[in-house]
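Hello,

Here is the structure I promised to pass along, with my notes on what turned up in it. Please have a look at it first and then read on below.

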Amino acid sequence: MKKLWKVIKKVFIWLGAILSAVFFVLFIGDKKRYEEKEVIDDSEEINAKAAKKREEAIERISNSDARTLCESYGSVCDTIADGKERFRKRCKRADN
């Protein structure tokens with residue numbers, strides 16, 4: 001009787017291992033593939049939206065005047081003014 005119980009336990013252990021492996025392959029592995037596919041689909045959609053926005057920005061920039069574009073950035077005007085002032089100071093030193 002004890003040998004019979006040992007054999008039955010071994011059979012159930014092997015069946016449990018096989019069923020758990022099948023469960024892992026079918027459910028867990030399929031879930032990972034689905035998540036990877038979902039990420040790829042999202043990135044393609046994001047890239048399409050970014051390309052559309054990029055084209056709109058390029059069109060807006062090409063239609064605008066260079067001076068108004070530069071003046072819209074305050075730091076650009078400040079940098080240009082600083083550069084002109086440094087140039088004037090250098091010219092004054094060269095004259096002396």
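The protein chain exposes about 9,500 Å², and carbon and sulfur atoms supply 62% of that area. Accessible areas come from the Shrake-Rupley method with a 1.4 Å probe, and for residues only the protein chains shown count as cover. Of the 96 residues of the chain, 1% count as buried; here buried means under 20% relative accessible area, exposed means over 50%, and partly exposed lies in between (1.4 Å probe, protein chains only).

A word on the source: this is a predicted model, in which local features need pLDDT of at least 70 and side-chain atom pairs count only at pLDDT 80 or more, while totals for chains, interfaces and linings use all residues. Residues are numbered from 1 along each chain as its sequence is written, and side-chain values use heavy atoms, with hydrogens and water left out.

As for the fold, the protein chain has 3 helices and 0 strands, giving the pattern α-α-α along the sequence. Helices (H or I, at least four residues) and strands (E, at least two) are DSSP runs, numbered from the N terminus.

Now the surface patches. They are made of residues with over 30% relative accessible area and no salt bridge, joining like charges within 9 Å and nonpolar side chains (Val, Leu, Ile, Met, Phe, Trp, Tyr) within 5 Å. Ile18, Val22, Phe23, Phe24, Val25, Leu26, Phe27 and Ile28 make up a nonpolar one, with about 770 Å² of accessible area together. Phe27 belongs to helix H1 and is exposed, at 52% relative accessible area.

A positive patch consists of Lys2, Lys3, Lys6, Lys9 and Lys10. Lys and Arg count as positive and Asp and Glu as negative, with His and the chain ends not counted; the place of a charge is NZ of Lys, CZ of Arg, CG of Asp or CD of Glu. Lys6 is in helix H1 too, and is exposed with a relative accessible area of 58%.

How many salt bridges does a search of the whole structure find? There are 2, each being a side-chain nitrogen of Lys or Arg within 4 Å of a carboxyl oxygen of Asp or Glu.

- Glu45 and Lys49 pair at 3.5 Å, N to O. Both lie in helix H1 (residues 2-63), 4 residues apart, about one turn of the helix. Glu45 is partly exposed at 44% relative accessibility, whereas Lys49 is exposed at 54%.
- Arg88 and Glu85 pair at 3.7 Å, N to O. They are 3 residues apart in helix H3 (residues 74-95), about one helical turn. Arg88 is partly exposed at 47%, and Glu85 is partly exposed at 36%.

Best wishes
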